[in-house]
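Welcome! Please take a look at the model below, and keep it open as you read this short report.

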Amino acid sequence: MDRLREIRAADPELAQRLRRLQKFSGTIRTNVVFLTRACDIRCQGCWYFGHGMEKGVSETTDVDLADAFARQLAGAGVTHALLLGGEPTLVPDRIRAFTRHVRHVTVVTNGLRPLPREADFDEVNLAVSVFGGGPLDDQLRGIRPNGSRFTGLFPQALRNYQGDRRAVFIYALSDDSTEHIEDTVRRIRDNGNQVSFSFYSAYDTDTPITPDSSRREDLLNEALRVRVLYPDAVTSHPYYIRTAVTGRSHWAEFGYDVCATISETHPDHLKRLANGNPVLPEFAAYRPDLRTVQFCCTSGDCRGCRDSQAVHSWLLVSLPHFLESVARLREWVEVAESFYRQYYWSPYHPRHT
């Protein structure tokens, strides 16, 4: 705290930005809810189906029970429900249950069908998936549940969310993406949406993230170049982009021992909670029965996890590692501001500027 006070005194403008961030972030308490086991596609590398997460648990289809669960979360102080699947847009009535009770809602979708633009969904943040970019997206995601292939998933998502400022495309970069990044980001920008980068983990393989790829540096440099080229569209900060692609921050490597988005009440985390690295307070991820607490916000396969929320959360709970200088703290503030910029319900979203 003494070090933080010193840095604040040295840069009053930065101190004001930090206070604003702390005030807003103090109102955000996130829980993840896997709303349904159903999905209308079968992406290669999907950790949900790749790890059989649709099995071994029932799915609550009763809207009244979903309503009661959402009310229960809100009553416990949860202010942000991150709704996953499966594909949540297949069950809009269950999404509506959360918008009635939880202050902020984010829906993660494959983009194949639109979430209606109606009053109940006006403030919903939409995180639309893209894998690889260019022809890679159809190659990796254009697969029906019966195994047959189709094309045009990304163009369909663009049509569904054209001019829809609720939508941010979560663009999972892969080692094969380099030549497609600029065109993919340009199309998203021209469609009236934002884009946030993540890194593709091929969970359908034995090596979710290929180690020491000779193409990784070219990919990183291109992502950083495109970020400069389209600053109005790309929300991701350069520090986050480097961390997501390389798995490294300036003080550690990303993985289970430092990941902040683990369910605190899950019994497997007793040792992790005692290792001194922070976690999100009272964070929980719920399976589709709306009772069972899941290991973490994704699959629990930490070998190749580059989940954008998990990586961002790790950086944001690690403020003490950014107190070595005013420049480092400014970097952390910028990372945090860019993180919240992607959320339609956030005061950092461009609609408020």
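## The largest cavity

What volume does the largest cavity have? The largest cavity has a volume of about 780 Å³. Here a cavity is a set of points on a 1 Å grid, laid over the protein atoms alone, where a 1.4 Å probe fits but cannot get out. Grid points are joined across faces, edges and corners, and a volume is the space filled by probe spheres set on the points. This is a predicted model, in which local features need pLDDT of at least 70 and side-chain atom pairs count only at pLDDT 80 or more, while totals for chains, interfaces and linings use all residues. Residues are numbered from 1 along each chain as its sequence is written, and side-chain values use heavy atoms, with hydrogens and water left out.

The lining of the largest cavity holds 40 residues, and nearest its centre lie Trp47, Val108, Ser129, Phe131 and Asp307. A lining residue has an atom within 4 Å of a point. Two or more lining residues come from each of helix H3 (47-50), S2, strand S3 (104-109), strand S4 (125-131), strand S5 (167-173), strand S6 (194-199) and H12. These names follow DSSP runs, numbered from the N terminus: helices are H or I with at least four residues, and strands are E with at least two. S4 gives the largest share of this lining, four residues. By class, the lining has 22 nonpolar, 14 polar and four charged residues. In this scheme Ala, Val, Leu, Ile, Met, Phe, Trp, Tyr, Cys and Pro count as nonpolar, Asp, Glu, Lys and Arg as charged, and the others, Gly among them, as polar.

## The second largest cavity

How many cavities of 30 Å³ or more are there by this rule? The count comes to two. The second largest cavity has a volume of about 80 Å³. It is lined by 13 residues, and Phe254, Cys259, Cys296, Cys302 and Cys305 are the closest to its centre. Its lining divides into eight nonpolar, four polar and one charged.

## The largest pocket

Now for a space that is open. A pocket is an open set of points with protein on both sides within 12 Å along at least five of seven lines. The largest pocket holds about 690 Å³ of space. Among its 28 lining residues, Ser25, Ile28, Leu280, Val317 and Tyr340 are the closest to the centre. Helix H2 (12-25), strand S1 (30-34), strand S2 (80-84), helix H12 (308-316) and helix H13 (326-341) each give two or more residues to this lining. The pocket lining has 17 nonpolar, nine polar and two charged residues.

## Helices side by side

Next, follow helix H8 (residues 181-190) and helix H9 (residues 216-229), whose axes come within 10 Å and cross at roughly 30°. Axes are lines fitted to C-alpha atoms, for helices over the stretch in contact, and angles run from 0 to 180 degrees between N-to-C directions. That angle makes H8 roughly parallel to H9; angles under 35 degrees count as roughly parallel, over 145 as roughly antiparallel, 65 to 115 as roughly perpendicular and the rest as oblique. In the contact, Ile181, Glu182 and Val185 of H8 meet Leu219, Glu222, Ala223, Arg225, Val226 and Leu229 of H9, where contact means heavy atoms within 4.5 Å. These residues divide into six nonpolar, no polar and three charged.

H8 has another partner: helix H7 (residues 153-160) packs with H8 at an angle of about 20°, with their axes 10 Å apart. That makes H7 roughly parallel to H8. Phe154, Pro155 and Leu158 of H7 make the contact with Thr184, Arg187 and Ile188 of H8.

The axes of helix H10 (residues 238-246) and H12 come within 10 Å and cross at roughly 120°, and that makes H10 oblique to H12. Tyr239, Tyr240, Thr243 and Ala244 of H10 touch Ser308, Val311, His312, Trp314 and Leu315 of H12. This contact has six nonpolar, three polar and no charged residues.

## Two backbone details

Which peptide bond is cis? The bond from Gly85 to Gly86 is cis, with omega near 15°. Gly86 sits in the loop between S2 and helix H5 (92-101).

Glu282 is not a glycine, yet it has a positive phi of about 60°. You can find Glu282 in the loop between helix H11 (270-273) and strand S7 (285-286).
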